[in-house]
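Dear colleague,

I am handing over the structure we spoke about, and my notes on it follow directly below. Please read them with the model open beside you.

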Amino acid sequence: MYNRIVSRLKVFFGIFLRAAIYFIHKTAIDQVTMKHTQTKRSVGIKVTIYFNVRIPNRTNDKVSADIVKQLKGTRSDVEAATTTIKLKFKEFSKGIGINNASFPLRYELSVLRQLCLALKDNLHQHDDLYCDIAATMVPHVEPYEEKPSLWEAHLTSLRYIHHGLCQEKSLTECQKMYGLVRSQPCRLQGEADYKFYLDIHLTHFNGIHLQMQKETLPIAATDQLYYALEAMGVLFDTMRQRKVAKNAALLVQLNDALFSKRSKAFLMYLSALPPESTTKMYDPLLKLLSCSWATPSSELTTQFTEYLGLVLALMQIDMFSIEAPLEQQLALKLLRICRDLYKDVSPQNYSIQLFYYYVKLLYVREATADFKRTYIDLCKKFVYFFEHKGATHAKEQWFMDLLVFFQRLQTLLHQSSNKPPLDIFWQQLEGDDSPEVYTAHFQLLHGCLGLTVNVVRSPLGTSCSNEACKSIRRHCLLSFGMCALEAYINWRPTTEQKADKAPHKPLLGILGYTLDVAKSMKCLGPSAMELVKLVRLLALVAEKVACPEQMSLVLAFLEPLQHLQPLITSQDMLSVLRRIYKASVHCNSSDLANRLQSTYLAAQTNPSRLRSQLFVHYQCHTNANNTEKCVYEWHESSPMTQKKQLYDVDLLAVLHFLSAPPVPLLQSLLRCRHNDYHLVLLARKMRTDSEVVRQCEELRSQLQSTALKQPLSRMQQLAIGHTSISVLLEALEAQKTKFSIKETAENSLEELIVKNNLLGLNIKREHRLVEFATSAIAGFAPLDCDDTPIDWEALIDDAVAAAMALSTMGYMAQVDEAWLLIIRIGQMLDERFTYLRALTHFLGQDHLNSNQQLQLSEEVDRAQELLDDMWPQLQNGWFFKRQHTIVMLCLCHMASYYARQDCLCHAQLLLLQAEELRAQFDERVGKSDIVQITIQTVRFRLEYLRKKRCSSLPRRPTPLRQLDTLVDSVRNYSTVSSVDLGALQLLLADLVRESIGSSLTPAPSQLKRSQSVPAKATKTRSARIGSQLKVPEIIELDDTMDETPSTSSAASVKRYPTSDARSTRARNRQLEETPATTRGRPRRKVPEPAPQQETVSLRRRQRN
């Protein structure tokens, strides 16, 4: 306890004693120090200056607290501090109040330190004043030999201040400060002092360059760059004179800030500076590097990478020089220096010699006679060196750096193959022995490629921007491969040299290496520049193909390219495939050529372009009798498979573009079909193939059975529709009979029917045909297709066939449904001619079915807009003859529609328009075509069926004369387009029914009143002509005899009466039982008779 109390008393006593000494000392200082106040005006400002009469030696190098505070204060405070510092430094420089020669340097250093802090705290508010303070002291200080650390601290402060001022908002002060530093002699007291000078010069150069790139400085600021380069040259001369052996550290700093670590754009800017300024830096630098004492031999091995990096930078500067490219030969000079430096360092000495001679060949500016032989020998020496040194030094760092250096050198060489200054090198490789030269070149690249697999790291390698990729090795391998491809692309061999396979062997090895590496790189993607360049080079290789030997290179990269396909954009991939497609003509195998061509076609993403390309492909192969397989089947065996929607487009191209596709081509499509719908479409072109017909019949039966159990898919519905039409057309074709018109006389009609077996054309057979047609329309009716690729052209053709068959057989309710479906298809697909063709059917009807969902007036308005747009363009040559026919027939039937609306004048104008339009086509003039017959028919209807005559219309021939003219026109009919026959069949059927109907109905009231002979003759002639027109319809077209259905399911089908002779009693009974009328003709529902009465009724009708 006692000891603890004593120890605590000692602590308290010590504290008290220290406080007493402090107060005594402070009192003594206050007594000795006198405070003087001096008032002085400086720049119009009143400043108060405080100074000590006596300052202890221990504190004479420090700045007073007042000055420190003023430097961080307002501008007036800084100005006051500036005045104080100037006066004090002036006194100290004269030796007043100091007893040490280092005192001015110490005081200046203390002030500079405070300026550094003030720059940071004031955020560059008073930079001009700080520069003035520094300018007052810096020119008057010198190194203190006894204490080098003071000068090092002085340079450190200057570097910090300059660095702080080297910003956009203080560029003027930065230039002022740098001018102050540059105006002073380069004083190197210690070996490390050069770093501070060099850092100031490099910072100034890069800072000014950056601001000039941002356009915040005028062009005149370029002088600052010249000053920095010249100052660096002075520094290098000073280092050489003072024998500062710091070349190793100097190289590192220069490469980081000025040379090898800078971008290509920066080096291009550096090379664009005037040689008179850059030479002042390059020459002293090369002289310094050539000094053997500047780099100890022990450091040469470790500095090998830095020298190689500097060579690469200087070579780019030589190449990019605008005024005199390759004239300075900076890289060649440095390699010559390195050759002397490394003459005793093995094995780097031999590699340096090889690179020296290699670069010397690149720098050749004139053509030499033995250039090719020299280059071949040099390549062989390189290959020998890599083969022998690679085994022992492959994993050493210097050897890895050597390979990366050579890769970057080759990249520079091949990027400048078509432009100065290295174009002379490539020009000398062309000529007589060029295959041998390029073989040696490819062997050199192949040797480097094989050793590059050992590269793990290198500071010379370019870093990948993708964080997932850390491999320099893969990028080097890819770069060597692209260099080889560029060399091959730029080679211009003669026709004989193209067949030389010697250069292809090493190139194939390089190509395989490159593509294997590319597909394993994680950084490659659609937007990666390396991948884009690689794909472009492959496309150019394919474009270069001019013989089968060159085609071997293309075949080598097809399979690897398939693995890269997910990484390549569709546009780039299509570019490669297009060139391969063109090069395929040089394949020795036609099968391989077809596979390559199919690959390009399969890669098309534009359906329209794909269809046109397929058309050209099949057109060429059809002319060459080479249509064994379809494009899709060739593509299945292609080395680059791209199965998309190729089969559907391929199938439609064959069906649409080839009017008569070769049977082998159709069989190829049949083998590759994906579903039954494809089978049905192909069967439409293969009606003579019994096996295909059998398959279609089985398919129809199977689908009909399936439909009873479950709903059918869209494709199955379409398949039923098309197969039903195929069976319908075969049945209609089978019942056609040809004979002379003389055999149709009444006395020989029965013999004609028995002779041609026409007794089988009964209602039972007709009902079967009706079922085929109606089931087809039902299968086509759902227009809401999901993803089913529908052949709309085939669907429209078959729907029209069904509608025409039903129309000729007289089942008008079903006919209306069929044509209404075609109208909907035309509207949906914007098929104008299909729409007008279907609408023509409804325009010619007297009365529309009440169940039909068709607003005819609205459709007429729409049709008029289409006709107004189309008929003036028919003469332009853009349309087919069948389209001309459709437009003119629509005009004629629209006239019938307006006549029924009592718009007779408008109807006559439409007929005149149709006549004028028809007269414009030479192929129709003087012929009795369907358009002329239709015009005559419509005029006959207008004259015969109208209720009152319009006095304003010109006088027309009598109905009897018009009817005779119409019969003559039908007798002299000639076909102009593909739709004429079908339109004629429909028109004849309508004429027959109308003529017979007119003979069965009472005469018009005006004819009753007049009882004139022409009127009676007209009525009698109508009945006779109706029976004459009926004969060819019965024989050539479908069966239209009036027979009772033989089954209960057919009893509900409503038909027009088609018999041309009946007893009055039977006719009256039929008229009484008719539930409705259509187009002025009675529709009826006949009861079902016994089957045995069918033949008797037919024979009785024949006798009548």
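Is Cys630 buried or exposed? Cys630 is buried, with a relative accessible area of 0%, where buried stands for under 20% relative accessible area, exposed for over 50% and partly exposed for what lies in between, computed with a 1.4 Å probe on protein chains only. Before going further, please note that this is a predicted model, in which local features need pLDDT of at least 70 and side-chain atom pairs count only at pLDDT 80 or more, while totals for chains, interfaces and linings use all residues. Residues are numbered from 1 along each chain as its sequence is written, and side-chain values use heavy atoms, with hydrogens and water left out.

To stay with the cysteines, the structure holds 0 disulfides, a disulfide being a pair of cysteine sulfur atoms within 2.5 Å. The cysteine sulfur closest to that of Cys630 belongs to Cys672 and lies 4.3 Å away, which is too far for a bond. Cys338 is buried as well, with a relative accessible area of 1%.

As for the chain overall, there are 50 helices and 4 strands, taken as DSSP runs (H or I of at least four residues for helices, E of at least two for strands) and numbered from the N terminus. Of the 1104 residues in the chain, 51% are buried. Among the contacts with a separation of 6 or more, 73% are between residues 24 or more positions apart, contact meaning heavy atoms within 4.5 Å.

Two helix pairs deserve a description. The axes of helix α6 (residues 148–165) and helix α7 (residues 171–183) come within 8 Å and cross at roughly 155 degrees; axes here are lines fitted to C-alpha atoms, for helices over the stretch in contact, and angles run from 0 to 180 degrees between N-to-C directions. α6 and α7 are therefore roughly antiparallel to each other, given that angles under 35 degrees count as roughly parallel, over 145 as roughly antiparallel, 65 to 115 as roughly perpendicular and the rest as oblique. On the α6 side, Leu158, Ile161, His162 and Leu165 meet Leu171, Glu173, Cys174, Met177 and Tyr178 of α7. This contact comprises 7 nonpolar, 1 polar and 1 charged residues, with Ala, Val, Leu, Ile, Met, Phe, Trp, Tyr, Cys and Pro counted as nonpolar, Asp, Glu, Lys and Arg as charged, and the others, Gly among them, as polar.

In the second pair, helix α34 (residues 690–707) packs against helix α35 (residues 714–734) at an angle of about 125 degrees, the axes being 9 Å apart, which makes α34 oblique to α35. Val693, Cys696, Leu699, Arg700, Leu703 and Gln704 of α34 meet Gln716, Ala719, Ile720, Thr723, Ser724 and Glu730 of α35, and by class that contact has 6 nonpolar, 4 polar and 2 charged residues.

Finally, two single residues. Gln407, found in helix α18 (residues 397–415), is buried with a relative accessible area of 10%. Leaving aside residues up to four places away in sequence, Gln407 touches Cys476, Ser479 and Phe480, and its C-alpha atom is separated by 8.3 Å from that of Cys448, 41 residues apart along the chain. Asp283, in helix α12 (residues 275–290), is partly exposed, with a relative accessible area of 31%; from C-alpha to C-alpha, Asp283 and Leu330 are 9.1 Å apart in space and 47 residues apart in sequence.
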